[in-house]
Amino acid sequence: MSVGQAHPRTVAAPEAWLRPHIEALETSVRHGFRFQHLPNIGEIAEVLGFRVERDTIDVFRARSAEDALGARFRVEDLEHGSSPAALWHRSGPVAEVIAELLALPAHGIRGAPDLVAVRAPDLWVPRLR
């Protein structure tokens, strides 16, 4: 290998039970989610994904493959407080939460959640301004 060439990296394939969750994360990236990783000493404590579209923000938090929480908030509600009520929220395995969040119709479209429901417990929402 000559100077300046990168070393080839080999990444082991994930265990079969983990694949649907990793694929869901990859799908969320293709649908415009950006990420923040909250570190713990020596490892990642949780992954936070979010996207802003049509006056809403969709957010999900994954602490493990089986511990995820997703929610949709109106942007205008975020401007009035740090813990707004959600239009929609679910908890469960990463693959299920992300699939349900991505399946929501866009805000303002028929069938999209439009009534503020309840506060999504234990979910950090990024500051937009």
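Guide: A residue is buried when its relative accessible area is under 20%, exposed when over 50%, and partly exposed in between (1.4 Å probe, protein chains only). By that cut-off, buried residues make up 36% of the 129 residues in the chain. The model is predicted, so local features need pLDDT of at least 70 and side-chain atom pairs 80 or more, while totals for chains, interfaces and linings use all residues. Numbering starts from 1 along each chain as its sequence is written, and side-chain values use heavy atoms, without hydrogens or water.

Visitor: How do you know how confident the predictor is in the chain?
Guide: pLDDT gives the predictor's confidence in each residue, from 0 to 100. The chain's mean is 82, and 78% of its residues reach 70 or more. Strand 1 (residues 34-40) has the lowest mean, 76; helix 3 (residues 94-103) has the highest, 97.

Visitor: Why is the run of residues 19-30 called a helix?
Guide: A helix is a DSSP run of H or I, at least four residues; a strand is a run of E, at least two; both are numbered from the N terminus. Helix 1 has 12 residues, so its length meets the cut-off. Its C-alpha span is 17 Å, close to the 16 Å expected, that is, 1.5 Å times one less than its number of residues.

Visitor: Which residues of helix 1 are buried, and what puts them on the same side?
Guide: They are His-21, Ala-24 and Ser-28. Their arc around the axis is only 55 degrees, which puts them on the same side of helix 1. The arc is taken from the directions from helix axis to C-beta atoms.

Visitor: What makes strand 2 and strand 3 a pair?
Guide: Pairing needs at least two DSSP bridges. Strand 2 (residues 43-53) and strand 3 (residues 56-64) have seven, in the antiparallel sense, so they pair.
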